[in-house]
Amino acid sequence: MTATQERPAAEIGKDRRRKEDQRLITGRTRWTDNITLPGMLHLAMVRSPFAHAAITSIDVEAAKAATNVVAVLTGRDFGDELGACINAWPITPDQKTPPHSPMPADRVAFAGEIVAVVVARSAAEARDAAELVDVEYDEQPAVLGIKNALEDSVLAHPDLGTNKSALWVFDSSEAGTGGDVEAAIQQARTDGIVIEREYRQQRLIPAFMEPRSVVVDPTGEQLTMWSATQIPHILRFALAATTGVPESKIRVIAPDVGGGFGGKLQTTPEEWIAWAVARRLSKPVKYTETRSESLVSAHHGRDQVQTLSLAADKDGKVTGLKVHLDADLGAYVSLVGGGIPVLGAFMFNAIYKFPSYRFECQTVLTNSTWTDAYRGAGRPEATYAVERLMDELAAEVGVDPLVIRERNWITHEEFPFTTVAGLEYDSGNYEAATARAKEVFGYDALRAEQGERRARGDRVQLGIGVSTFTEMCGLAPSRVLGSLDYGAGGWEHASVRLLATGKVEVVTGTSAHGQGHETAFSQIVADRLGVPFEDVEVLHGDTQVAHRGLDTYGSRSLVVGGEALVQAVDKVIDKARHLASHLLEASQDDLDYGGGRFTVRGTDQGIAIQELATATFTGHNYPEDMELSIDAEATYDPVNFNYPHGTHLCAMEVDTETGAVTMRKYTCCDDIGNIINPLIVAGQVHGGLVQGIAQALWEEAVHDDAGTLVTGSFVDYLLPTSADTISFDVLHTEEPSVCTTNTLGTKGVGEAGTIASTPAVVNAVVDAVRHLGVDDIQMPCTPERVWRAIHAHDGDAPTPESAMPHFEEDAPNQDPTAGQGAGQ
Amino acid sequence: MIPVKFDYLAPTSVEEALAALGEHGDEAKIMAGGQSLLPVLRMRLNAPEVVIDLGGIDSLRGIRDDGDAIVIGAMTTHHDVREHALVREHALLISKAVAEVADSQIRHRGTFGGALAHADPAGDLGAPALALGAQFVIAGPGGSRTVEADDFFVDLFETAIGEDEILTEVRIPKHTGWGAHYEKFVRVAHQWPIVAVAATVRGSIDEARVGLTNMGSTPLRARATEAALAGASATEDGVREASQLAAEGTNPPTDLNGASDYRKHLARVLTGRAVLKAAGA
Ligand SMILES: Cc1cc2nc3c(=O)[nH]c(=O)nc-3n(C[C@H](O)[C@H](O)[C@H](O)COP(=O)(O)OP(=O)(O)OC[C@H]3O[C@@H](n4cnc5c(N)ncnc54)[C@H](O)[C@@H]3O)c2cc1C
């Protein structure tokens with residue numbers, strides 16, 4: 001059953017402009033910081049400047065005496081009343097998880113951690129008074145950087161006795177999904193090729209546009225929290241679980257939320273402190289972070305060292321892949337924490353038929369900002385590693401990088417295909433996506449130009465990078481999550497209400513924060529129920545309205561939440577059929593439903609769904625055996641992930657004199673199954689691409705040796721703007737491989753661009769200068785790193801020892817600027 | 001981000017502003033376009049008690065012809081400087097450099113005098129002003145004085161402007177008919193330069209002036225390069241030797257965007273490019 005045959009075609013597939021955009025773009029809407037309640041007090045946080053220190057004393061007297069200050073509170077004032085920040089995914093039973101108080105009373109473990117909160121009548125007065133809080137610290141040695149943490153000589157949390165939190169292992173020979181990777185590597189050492197590399201996933205900052213903000217209203221029986229969060233339902237659960245307030249007394253609202261990218265998939269100290277203060281003072285409170293606070297204390301993303309061994313035969317057919325990750329958790333194990341790198345565990349084998357595979361992930365604690373999900377979460381890291389390796393393998397074999405992929409990928413006839421990581425890919429067509437991308441990109445012409453430039457010894461060299469990605473998204477089948485010890489399920493809930501006037505209210509448990517669900521979900525309902533697009537209202541983000549839900553992340557909203565919606569609509573139609581048959585005095589079997597009407601086959605009689613809605617409102621005439629409602633709800637638990645894929649091709653120009661890199665062309669052909677709204681998809685792909693390109697070229701969170709975030713503002717944390725990017729060719733395969741495990745046939749697209757683009761760009765940069773002896777450049781590929789890589793051998797740019805290429809323990813080969821403040 | 005509380009004064013004449021400055025001394029801070037000052041206040045890196053906004057003083061705004069120089073009022077915005085015909089005709093280098101400052105929003109607020117008074121070594125206007133031999137007119141309690149470009153930039157964020165003084169205008173000697181180019185090296189478009197080179201040449205090449213941005217604690221002039229360029233031909237080979245001298249005597253910083261030796265290398269490469277483009281080659 002494919003969705004293409006079934007769908008009514010009117011709204012789905014249409015470039016609808018997003019109905020939510022006017023209010024979101026003008027800001028005339030309910031951003032959390034726009035909310036003002038009677039008698040509301042404002043909070044300012046006092047944060048530790050030290051990465052690791054004991055708190056010896058906190059003198060709050062001067063702050064308390066300041067104008068309009070109502071209270072100054074510390075961790076000691078609260079004790080257990082504060083609750084705790086939780087880790088919902090202990091990746092191993094013996095994971096070391098330091099306790100995480102929202103406001104520790106005795107010791108801080110990263111620079112930016114909150115030690116006191118000032119409550120005042122205005123935000124400005126709170127901020128002024130925060131400066132008067134006098135905290136005495138006894139500074140402790142801080143451990144920063146993965147390699148230092150692994151040594152265990154300085155400890156992030158001395159009580160734990162180690163910085164190593166958990167080691168998570170998957171081995172295809174143990175799992176029975178493939179062979180023994182060590183044997184494959186041994187074999188390749190004698191008669192094949194072994195590519196060994198160490199890649200660094202730098203630390204990134206999600207940098208959502210709307211800073212985090214929280215308002216808590218303790219007035220009345222129920223406590224209400226508004227928060228700029230991606231996860232109102234999970235937040236409500238965690239508040240109940242850790243602060244002792246019954247869940248039924250908690251209402252969490254995520255009003256309009258301005259972006260998240262994973263960065264608002266968190267239960268934060270700021271939320272817990274605001275909660276505790278409001279309860280303590282019985283007054284509504286608001287806290288909105290500054291951008292500086294956001295950069296230093298909202299969770300960071302990525303930060304891994306990847307040690308990789310790829311074994312292949314002489315022709316470049318891969319025989320095994322061994323992956324060892326060391327991943328920096330920062331100071332605490334965050335909500336998803338070590339689960340993020342583990343989400344990559346199933347994706348290092350990507351679109352390929354690797355016969356053997358081993359994955360290990362060692363998570364470590366350091367005295368730096370905690371890390372968690374960032375767009376792609378685990379899959380960008382995996383995709384980067386394997387797509388970089390495949391280019392290296394192509395270079396080693398001496399064939400085109402597309403050829404090496406073709407030698408190894410799953411062909412379209414082979415679906416469904418069970419991978420060496422144990423996932424069943426239901427559908428895909430890598431050949432079709434690659435052919436289309438290649439043609440539009442002008443692959444052959446660009447390769448020819450590259451050859452000419454090399455031959456001429458041009459100052460500006462051209463490189464072409466390939467990334468043929470896939471990902472697992474639509475988090476997730478609940479049983480699978482259970483088997484991974486994840487603390488929640490992956491189902492989603494929807495309900496559909498027919499109002500008396502025939503308008504439709506749709507409630508979803510997903511929680512949009514800029515994705516355009518209101519538009520896309522309206523299109524689905526409009527088609528499926530046969531009502532006008534304008535008549536559909538999508539409600540979300542309020543636990544009192546959407547009582548069941550698991551929120552928005554992991555490219556799940558459409559593929560899981562959309563499917564729940566479809567099922568709810570189908571139930572509405574079923575119920576309505578009963579009523580229609582009664583009112584039309586016809587057998588249910590003789591009724592057809594289409595265009596929002598039941599018609600009696602062979603007659604001109606019929607009744608519209610809106611009329612039926614009115615009929616349930618009046619209740620004047622309905623069957624004896626019918627409950628008086630055609631509203632319905634559904635909970636959908638996916639049976640599998642879904643696996644979008646695509647071929648991304650990138651051409652980069654490298655100025656060999658300065659190391660400057662410029663994007664020349666970027667073409668991607670993504671196969672994401674059926675598309676509900678091409679305009680929204682284009683937006684997701686464009687934004688996703690830029691975020692991935694930014695990892696390749698610009699973004700990096702850097703702490704200095706003392707643990708201070710050096711990239712503490714957007715002057716130093718370089719985000720691109722439209723002026724830094726080019727127009728991308730965003731394509732889709734003409735005959736998509738529809739998802740076979742949901743009725744809409746859709747696959748996730750929220751993270752695809754970010755997952756795919758990073759290796760395409762770095763592959764292109766390396767390809768441009770490979771003939772000059774370069775086979776790697778650490779991200780972000782700054783002009784300086786590129787220049788040093790090019791001139792590493794000619795004495796023009798002295799190469800620090802640490803930048804020499806090699807593959808030895810404790811000797812990073814990745815950062816040509818190590819020791820100069822640019823590496824961490 | 002909320003600054004510490006301050007009083008706000010908006011004088012309408014230079015005399016009034018100077019009086020206010022005299023009264024409040026080092027408790028006061030001048031505000032021009034606010035594009036550098038406000039971020040500093042909001043991040044609480046500085047907390048003056050009084051902010052004296054020059055925005056209401058009309059006489060500080062505008063560009064005029066003054067014989068052998070053009071005169072740019074301190075409060076003239078980057079945008080107005082960029083658009084002005086006099087600047088394009090007689091100080092093309094300034095037009096080119098100012099077009100590279102920040103983005104359009106900031107260019108509509110930030111001012112020529114504010115940028116120079118701020119003296120950020122990574123600011124785009126110091127090197128061109130230096131290269132063109134600008135003169136800085138500074139008003140103080142005892143009247144006005146004029147400071148040569150070579151003496152104006154003292155150190156990081158430090159100029160010859162005294163605490164009780166105000167920069168009122170900048171005189172730029174006319175370089176009519178000189179070719180010019182500002183070569184700014186950045187990673188993203190809206191960034192301060194990692195290194196930039198301001199070059200202006202007469203003929204191709206009879207005479208050259210070359211200023212360097214972010215190659216030390218103040219803008220610098222590449223004098224050895226200038227000397228070597230006199231009489232050089234405007235070809236890659238012709239300028240190579242001269243541009244190799246560009247980093248002489250510089251002491252550029254090391255930071256996230258580049259180590260000192262890399263910046264020196266950039267200065268040499270960019271100087272060659274800037275000079276050739278200035279010469280129209
Ligand atoms: C995001 C961003 C990006 C930027 N990018 C660049 C860039 O790429 N290149 C670049 O060159 N600049 C850049 N700038 C800075 C911009 O050019 C500022 O406009 C300029 O540096 C300061 O000018 P202002 O008029 O805003 O001065 P203000 O911020 O008002 O003042 C700056 C300082 O100068 C003092 N001052 C101002 N006027 C006088 C006067 N007449 N007499 C005495 N003292 C005075 C003030 O007291 C203050 O200390 C950027 C700014 C921002 C916010």
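## Strand pairing in chain B

Two strands are said to pair if DSSP finds at least two bridges between them. The model described here is predicted. In chain B, strand β1 (residues 7-9) is paired with β3(B) in the parallel sense, and three bridges connect them. One residue pair can be located directly: Asp7(B) has Val50(B) as its bridge partner in β3(B).

Strand β2 (residues 28-31) of chain B also runs parallel to β3(B), to which four bridges join it. Helix α2 (residues 37-42) of chain B belongs to a right-handed β-α-β unit, together with β2(B) and β3(B).

Are the residues on the faces of strand β3 (residues 50-53) of chain B buried or exposed? Both faces are covered.

## The ligand and its shell

Around the ligand there are 28 residues, of which Ile30(B), Gly34(B), Leu37(B), Thr111(B) and Asp124(B) come nearest. Sorted by class, the shell consists of 14 nonpolar, eleven polar and three charged residues. In chain B, β2, α7 (112-118) and β10 (166-173) each contribute at least two residues to this shell. The element that gives the most is α7(B), with four residues.

For Ile30(B), a backbone N or O atom is 2.5 Å from a ligand oxygen atom. A polar backbone atom of Ala102(B) is 3.1 Å from an oxygen atom of the ligand, and for Gln191(B) the distance from a backbone N or O atom to a ligand oxygen is 3.3 Å. Of the 970 Å² of accessible area that the ligand has on its own, the protein covers 90%.

## A buried aspartate in chain A

Asp328(A) is found in strand β14 (residues 318-330) of chain A. Why does Asp328(A) count as buried? Its relative accessibility is 2%, and the limit for a buried residue is under 20%; Asp328(A) therefore counts as buried. The side chain of Asp328(A) makes a polar contact with the side chain of Arg203(A), at 3.3 Å.

How values were computed
Residues are numbered from 1 along each chain as its sequence is written. Chains are lettered from A and ligands numbered from 1 in the order in which they are written. This is a predicted model: local features need pLDDT of at least 70, side-chain atom pairs count only at pLDDT 80 or more; totals for chains, interfaces and linings use all residues. Side-chain values use heavy atoms; hydrogens and water are left out. Buried means under 20% relative accessible area, exposed over 50%, partly exposed in between (1.4 Å probe, protein chains only). A crossover is right-handed if, with the strands pointing away from the viewer, the path from the first strand over the helix to the second runs clockwise. A residue is near a molecule or strand if one of its heavy atoms lies within 4 Å of it. A polar contact is a pair of N or O atoms within 3.5 Å; within protein, one must be able to donate a hydrogen and the other to accept it, and residues adjacent in sequence count only if both atoms are side-chain atoms. Accessible areas come from the Shrake-Rupley method with a 1.4 Å probe; for residues, only the protein chains shown count as cover. Ala, Val, Leu, Ile, Met, Phe, Trp, Tyr, Cys and Pro count as nonpolar, Asp, Glu, Lys and Arg as charged, and the others, Gly among them, as polar.
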